[in-house]
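Welcome! Here is a short tour of the charged side chains that pair up in a protein model.

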Amino acid sequence: MNQEFWTMLDDLVRQSDVVIDRPNGSAHPKFPDTIYPVDYGYLQNTTSMDGEGIDVWVGTAPEHTVDAIVCVVDAWKRDSEMKILIDSTSSLLPRSQVCFQRILCFGIKLDFIGCICMRTE
């Protein structure tokens, strides 16, 4: 992905208030065995494909930049969504990916899939 994409995401995050509604260590509301390894919330006054605020996973790195995005496609519901990973340390990114994969695998349909696109600059 090009630099403009990541810069635009950085600007969006910087200009938005982050609301954390599932803190690090809390359980997923539908899948209580899945524990969030980072804070999870949304960017206030934004809109994602589901009509809610853009989802964010927030780590503890001091840079305050976007490190990756998670892209999700649900063929059954015929929708898609993007989640932004912010301030993720290199040790948190793999754990975030495992958490996301567990959520995908827990009984949701085979036609629901996602991938993580890492920032490489």
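The report below looks at salt bridges and their surroundings.

This is a predicted model, in which local features need pLDDT of at least 70, side-chain atom pairs count only at pLDDT 80 or more, and totals for chains, interfaces and linings use all residues. Residues are numbered from 1 along each chain as its sequence is written, and side-chain values use heavy atoms, with hydrogens and water left out.

The structure holds four salt bridges, a salt bridge being a side-chain nitrogen of Lys or Arg within 4 Å of a carboxyl oxygen of Asp or Glu. Among them are these pairs:

| Salt bridge | N to O distance |
|---|---|
| Arg 119 and Asp 10 | 2.9 Å |
| Lys 83 and Asp 55 | 2.7 Å |
| Glu 81 and Lys 83 | 3.5 Å |

Let us begin with Arg 119 and Asp 10, whose side chains meet in a salt bridge. Asp 10 sits in helix H1 (residues 3-14) and Arg 119 in the segment after strand S6 (112-118), so the pair ties together parts that are 109 residues apart in sequence. (Helices, H or I with at least four residues, and strands, E with at least two, are DSSP runs numbered from the N terminus.) Both Arg 119 and Asp 10 are buried, where buried means under 20% relative accessible area, with a 1.4 Å probe and protein chains only.

Next comes Lys 83, paired with Asp 55. Lys 83 belongs to strand S5 (residues 79-86) and Asp 55 to strand S3 (residues 54-58), so this pair links parts that are 28 residues apart in sequence. Lys 83 counts as buried at 11% relative accessibility, and Asp 55 is buried at 10%. Glu 81, at 18%, counts as buried too. Through shared partners, salt bridges join Asp 55, Glu 81 and Lys 83 into one network.

How values were computed
Buried means under 20% relative accessible area, exposed over 50%, partly exposed in between (1.4 Å probe, protein chains only).
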